[in-house]
Amino acid sequence: MSRSRPALAASPTSPLDHHVLPWLLAVALATAGPHAAHLPIWLSVLFVTALLWRAWIWRRRVLLPPRWLLALLILGTTSGIGWQFRSLFGKDAGVAMLVVFMALKPLETRSRRDALMIIMLGFFLLLTHYFYSQSIPTGLWLLAACTLLTATLIRLHGGGPSIPETLRHAGLLMLQALPFMLILYLLFPRVSGPLWGLPQDAYSGLSGLSHEMAPGSISNLIQSGAIAFRSQFAGEVPEKAELYWRGPVFDEYDGMTWRARKRPPGEPPGQPVIEASGPGHAYTTILEPHNERWLLALDLPMRLPADSALAPTFEVLAREPVRVRSRFSFVSSVDYHANRAETPETLRESLAVPADINPRARALANTWRGQSTAAVAETVLHMFREQDFRYTLRPPLLGAHPVDEFLFETRRGFCEHYASAFVFLMRAAGVPARVVAGYQGGEINPIDGYLIVRQSDAHAWAEIWVANEGWTRVDPTAAVAPSRIEQGITAALPAGEPLPGIIRLDAGWLRGLRHRWEATNNAWNQWVLGYNPQRQREVLSRIGVPDPDWRQMAALLAALCALTLLLVAVWARPPRRREDPVELAWRRYCSRLARLGLGRAEWEGPLDFAERVAREEPRLAAVTGEAARCYAELRYGRNGADQLARLRRCLRELPSYRRKTF
Amino acid sequence: MRVLAVLQRWLFRLGHDDHLPIVLGQRRIFIVPTAAGLLFAIVLLVMLVGAINYSLSLGHALVFLLGGLGLVGMVHSFLNLHGLRLTPGRVQPVFAGDVASFALDVENVRPQARRALEFAFAGQAMVTLDLAPASRATVAVPFVTSRRGLIEPGRVTLTTRYPLGLFRAWSYPQPAWCCVVYPKPLRTPLPVATGGTPADDRHGTSGRDDFAGLRTREPGDPTRHVAWKAVARRSDDQELLVKQFSGALRDELWLDWERTPARLGIEERLSILAGWVLTADEQQARYGLILPGLRIDPGQGGVHRGSCLRALALHEQKQTRVGG
């Protein structure tokens, strides 16, 4: 392998080795390729075309396209992106621009400096994938991509032509870099982001309940098998039928959409008063980011996490929208009275219905006026139960009088139809009522004991205010499809309804596999992704650095990094070559003579040297002659048994004092 | 300035390396980030800010991994040079203006390969070497000569950016190396053979192929002129005898300084003499050289040619030190 090649002085602008280009194309593909999942299709087509074009140029060794053509391409795609994303500076538009650069840069890559730019761009593109996913597969993929980038760097700076060898070397370097990553990950002072305002679309793509309930909004959510949050109970998990996780409360209806009422400025806020009985359930929720403030506590919370407050309608609100996966600890009781004394304004608003729609429903409700609240509610539930109401995710479309059409014509719907119709009837009959959105139920993962609540568990139910009881939950869906509440959505829906495969899984081993996978993800989320400033403080105090300031942290960090660097250097350094004992003894002999002023020149053979020593210092003639003879015989002659021992004896006999003391 | 020079001398250990082989220890390997390394650091910084801003945990991990990679790359760049053993080899004389090749034997005793080792004298072209594990190879480090004389090229810069190109490690081995540079030959017609010089007129004028007698062999006499029969007859195996031909005697040339145009400068006159030496050697003439204060008796062959050219190279020259 030893080869030497003459070259001009190394310069970054020297032309690129022909065989490096495929590496660069692989880098482009590995770093930008996965973005195709969320880029407009025309960009992906452009990307692939540009890479294929470059590969063709490489293979045919033809000229690169002229600069003006590339400039034109950049201009065209930039305006295309501006048109598509309505901006050039948002998160998505920025990623799209990076992908375009990655697609076009190889088309003007001539020198090593250009290649370096591609690699640096690649490193940066790796980071952008985390905007969209930080799952385990993404992490593994990016680790592989990182190795590829490293291998390309090695190839670019004089690595050999063997692909496996280069990749192996890159893998070795990555392996040695891992300890640094661990140390820095644990100890690098963490700052809670964001450092400045983020672009508008920074948190797009987060799903969850919305601020209003329009027809179809919840059924869309139910299609998703994504996890909304996970909860871990300290004690026993309450009955499934008790697991109502409260999201936004809607108390204003315009005939089509339910919304949360905006309180006019003068009105005093109502005080939420909860009288809970029973021990309460303590639990911790790991909430997926949904970019809203509600924290989805179990009805109804007795103790709240820090930095949160209870709204007048009993939902727990964080101070800021939840934008990263976060942990919250609650204590909730399922046995409670809520606001036995409600403000008159709230009660009055909870009776409002639009004047001119749903006349039949209103007429029906009018006949119940004067009955007790409980009797009215029971009448409606009885109606849902006894008449031909069906639970389905594919209801017929409703027109201008949705409650009328639903109650008297279609009778097909799911939770939002039932909750909406129920509350409308209640209000029309003079009972204060409102719609509550949230999640219902959940599934215990037997692997790690977490209760998993998915978007498909999204639900809407009703709350009526009963004198002396306060706000009381009524779930009209339970009247129609009791299995929805007791067993979950898959049991309630007839076969053939559109549901994501993941929540349909029934086969035992598949379900077990899914549990295992989700438990792994949960651990990953908590210990890797959820490592925030607070977790860092916990870890540091556990290793004996409680409440460190940044100077201590920096010192610790530097010390550990230096230590690791040393270890890596020692590891990478080879074992010292075992020295030949004959050579060693002879060299020692000569160096001792050199200290006596009789240095052996490089070119002097042992016997010549001995002759010269004999001339210059006759007293050492005998011993040096013996030593040189032994060495020469060992080196060049027949190997006797005792020459080495004799050589060593000579070494011992040699006086170690300086020459002038002779 | 003097402080700086002293500092440089101390830091870079200027001065010859007398102990051979030259072993590159940590004391004599220097390392700094390259432009690419600085760019890498800036990219990492931007990525770190991005990861903090968007609270990307894996983004932090990625940045830290790449930071670690940079550090590891530094160690490996250093180790790519560390422990190399360098032994200077012989340097063939060249003519001024030609490229002198300074042979350097590079030994890798480690069980790892070394790659992309770049050797260059200051301001000169470089040569790249890859070394297999536990192997040795010889590089010829080029040096473009400009003047005749005995030149010392100074220190070699041994550089590597391998493996990642983020750091540049280098060392300044400075073997006691020198190269004889002959004057650049200027081809002009040979001076007319005078059939003897003012100093010597014992040679006859007989024809080229006429046997003129025997004499003891001198270095540089062609082997085919050895009188093997005469040698075989002699009982004692003393020196060899060569046949002398009167033609060669007639062609005996004196390349005399005085016969070069006096109006030219020293260098030009030496160049003309060098050209004569080459031409005479090609014509297989016996020739001698006369320089002010130096006289080389007539002779023939490669060794004679070399000593003549060497005399021209060193004429009125002290050792010149070219490199830094």
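Visitor: At what angle do helix 11 and helix 13 of chain A pack?
Guide: This is a predicted model. Helix 11 of chain A spans residues 373–386, and helix 13 of chain A spans residues 415–428. Their axes lie 10 Å apart. The packing angle is about 145°.

Visitor: Which residues of helix 13 of chain A make that contact?
Guide: Helix 11 of chain A contributes Val376(A), Ala377(A), Val380(A) and Phe384(A). By class, the contact has eight nonpolar, no polar and no charged residues. From helix 13 of chain A come Tyr418(A), Phe422(A), Leu425(A) and Met426(A).

Visitor: Is the crossing of these two helices left-handed or right-handed?
Guide: The pair is helix 11 of chain A and helix 13 of chain A. Their crossing is right-handed.

Visitor: What distance separates the C-alpha atoms of Pro402(A) and Ala421(A)?
Guide: Along the chain, these two are 19 residues apart. Their C-alpha atoms are separated by 8.5 Å.

Visitor: In chain B, which strand gives the most to the side of domain 1 that touches domain 2?
Guide: The assignment for chain B gives domain 1 (13–181) and domain 2 (211–320). Seven residues of domain 1 contact seven of domain 2. On the domain 1 side, strand 9 (149–152) and strand 12 (179–182) each supply at least two residues. The most, four residues, comes from strand 9 of chain B.

Terms used: Residues numbered from 1 in each chain as written. Chains lettered and ligands numbered in written order. Predicted model: local features only at pLDDT ≥ 70, side-chain atom pairs only at ≥ 80, totals over all residues. Axes fitted to C-alpha atoms, helices over the stretch in contact; angles between N-to-C directions. Left-handed = near helix turned anticlockwise from the far one by under 90°. Contact = placed C-beta atoms within 7 Å. Nonpolar A, V, L, I, M, F, W, Y, C, P; charged D, E, K, R; others polar. Domains from an automatic or database assignment.
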